[in-house]
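Please look through these notes on the aromatic rings with the structure open beside you.

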Amino acid sequence: MGISSTCFIPLLFLSLIAGCAARPLYPLPSKLDIHKQPLQTSRPYNLAHRGSNGEFPEETAAAYMRAIEEGADFIETDILASKDGVLICHHDVFLDDTTNIADHKEFADRKRTCMVQGVNTTGFFVVDFTLEELKTLRAKQRYSFRDQQYNGKFPIITFEEYISIALDAQRVVGIYPEMKNPVFINQHVKWADGKKFEDKFVDTLKKYGYKGAYMSKEWLKQPIFIQSFAPTSLVYISNKTDSPKIFLIDDVDILTEDTNQSYSEITSDPYLNYIKEYCVGIGPWKDTVVPVANNYSQMPTDLVARAHALDLQVHPYTYRNEHEFLHFNFLQDPYGEYDYWINKIGVDGLFTDFPGSLHNYQELTSPVSKDHRASKLLHKIAVLISSNGKV
């Protein structure tokens, strides 16, 4: 290369820098305050459980983007913390079932046994890995009977990355984050500023503008439900944020992780009266609302009626399309299950692994949709008559 060309490169580089410095900075298109299609509030909420995890590995960017594409009202996630205190999206406190941690021999010595909600659990725990280390892992499907082709393709995402996916959607999409295993996280992760896991959780939401009571102007702009199985965590953050909260309720034989209360205690009228001061609803496991025997749904309990009497919403979990999960009453038809829970039990939201199925069911059964289909049919008939020269 000659002298003239070597001199040209620095000059070109400097001109590019000058050009960049002179160019005005514009906001990203996704950050502009444009008018978006609002959140629907006229029918039970479609809650994408860990994203569209019936199709993609759970709690990945792909699962959440697919859920939004399929019409989910809210994308749901579980928030944990890494060793270095970064909030991440992951359901289990261990990595064994939904990542390729077993393939990473460099982490073999991290396997250990921890007490998790009173149970000795052995595995690779998220609290023993920094975010940088977690980002080297790849997600995989939890269930072997689901599509395996996306295993190993998507990384663990952070709480902030998850929020950005919702905010970048072309319509208003709500978030539904859970403070997951707060007792365990606070035992194993310490922040330099002395704050707790719950504090960091709320700080992140405030950073991105999440605020406002249920159905307020602020809430409708950026909808959110905060959920947890730990009632003390929900009570604690009630003094820090007015965003609506949902108290999750586990199986009948599982005690609350923080207060060691039984199912019968936390579903009693006195307790529901207590929790309604802090929460707008409950999220029970659906098989406790409608008990199951020999894979047949039995007579429903009165939990939904009692909750509604106290003006508490009910968002049961989890609805799944596969025959492994559908009770015999529904003849392997997920639409039949949705119809039963929406029109007979009367729930206010449904956590589903297949938000596309729930969206299609709600569209097909919507009065607006029926009127639209009828008008289209009448239009086609009119066109046919006109084309045949008949009036």
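1. In this predicted model, the charged group of Arg110 sits over the face of Phe129, 4.9 Å from the ring centre. Arg320 is placed over the face of Phe325, with 4.9 Å to the ring centre.

2. Where do Phe56 and Phe154 lie? Phe56 is in the loop between strand E1 (45-48) and helix H2 (61-69), and Phe154 is in the loop between helix H3 (131-134) and helix H4 (159-167). The pair therefore ties together parts that are 98 residues apart in sequence. Phe56 has a relative accessible area of 13%, so it is buried.

3. The pair of Tyr214 and Phe225 is tilted, because the planes stand at 35 degrees; the ring centres are 5.8 Å apart. Tyr214 belongs to the loop between helix H6 (197-207) and helix H7 (217-221), while Phe225 belongs to the loop between H7 and strand E7 (226-228). This pair thus links parts 11 residues apart in sequence.

4. Are Tyr214 and Phe225 buried or partly exposed? Tyr214 is partly exposed, at 29% relative accessibility. Phe225 is buried, at a relative accessible area of 0%.

5. Tyr214 and Phe225 also belong to one aromatic cluster, together with Tyr45, Phe74, Tyr176, Trp219 and Phe351.

Methods:
Residues numbered from 1 in each chain as written. Predicted model: local features only at pLDDT ≥ 70, side-chain atom pairs only at ≥ 80, totals over all residues. Heavy atoms only, no water. Helix = DSSP H or I, 4+ residues; strand = E, 2+ residues; numbered from the N terminus. Buried < 20%, exposed > 50% of the residue type's maximum accessible area, 1.4 Å probe, protein only. Phe/Tyr/Trp six-rings, centres within 6.5 Å; stacked < 30°, edge-to-face > 60°. Lys NZ or Arg CZ within 6 Å of the ring centre and 35° of its normal.
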